[in-house]
Amino acid sequence: MKKSSQEKLYEAALELITAQGYDNTTVLQIATKAGLTERTFFRKFKNKADIFFAGGEQYSEMLLNKMRESKETNPLFIVLDGYFYAADFFDEHRERTVKRQKIIASHPDLEERELLKQSKIEGLLVEYLLTDYEERTARLAVRLARAIYSVAWEEWLENDADSLHHLLEKAIADFNELKNY
């Protein structure tokens with residue numbers, strides 16, 4: 001399958017920034033590495049940071065679609081169904097996801113933008129749950145699910161011995177144990 005120009009730019013950015021650092025990599029270098037022009041880059045992205053956040057809408061839509069399909073009645077597990085689907089996606093794209101996260105962690109502006117993206121996604125998930133649950137219940141379910149997922153995510157990034165899906169299952173089991181202390 002032929003790669004889109006956006007995909008080529010993303011892969012070039014991952015490779016160059018991993019090797020040279022975020023601040024030492026230029027838009028021109030990324031475009032050249034991708035076999036494209038700087039003009040094409042700016043047709044796809046406003047700036048270098050946008051490369052790493054272009055998939056945010058697809059990610060939130062992926063979560064929401066799985067939540068809509070969920071057979072669960074507990075709002076926490078409805079949200080976790082979305083995160084399980086995300087876990088499977090990230091397991092399939094592990095290498096590039098880990099590279100992306102390392103790049104984001106290396107630059108404060110990117111970290112801040114990542115936190116803002118996550119907050120926006122949480123808001124969308126809460127909004128979805130509000131169709132069937134009270135606001136407090138919806139917010140609590142989303143925040144608890146996010147915390148559980150974050151524990152699995154951080155562990156997944158640190159070691160490549162286990163799948164994110166399995167680590168999410170373990171984090172849920174740990175959460176259930178914690179409730180019974």
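We'll start with the whole chain and then stop at two places.

This is a predicted model, where local features need pLDDT of at least 70, side-chain atom pairs count only at pLDDT 80 or more, and totals for chains, interfaces and linings use all residues. Residues are numbered from 1 along each chain as its sequence is written, and side-chain values use heavy atoms, with hydrogens and water left out.

**Whole chain.** You'll find nine helices and zero strands (DSSP runs numbered from the N terminus: H or I of at least four residues for helices, E of at least two for strands). The C-alpha trace spans about 55 × 35 × 35 Å along its principal axes. Of the 181 residues, 42% count as buried, meaning under 20% relative accessible area with a 1.4 Å probe, protein chains only.

**Select 94-105.** That's helix H6, with twelve residues. Color Arg94, Thr97, Val98, Arg100, Gln101, Ile103 and Ile104: they're buried. What do the buried residues of H6 pack against? Show helix H1 (5-20), helix H5 (75-92), helix H7 (108-129) and helix H8 (135-158), and you have the answer.

**Select 56-69, keeping H5 on.** The axes of helix H4 and H5 (lines fitted to C-alpha atoms over the stretch in contact, with angles from 0 to 180 degrees between N-to-C directions) come within 7 Å and cross at roughly 130°. That makes H4 oblique to H5, since oblique covers whatever is left after under 35 degrees (roughly parallel), over 145 (roughly antiparallel) and 65 to 115 (roughly perpendicular). Now show side chains: Tyr59, Met62 and Leu63 are among the H4 residues that meet H5, where the partners include Phe89 and Phe90. Contact here means heavy atoms within 4.5 Å.

Key: The expected span of a helix is 1.5 Å times one less than its number of residues. Buried means under 20% relative accessible area, exposed over 50%, partly exposed in between (1.4 Å probe, protein chains only).
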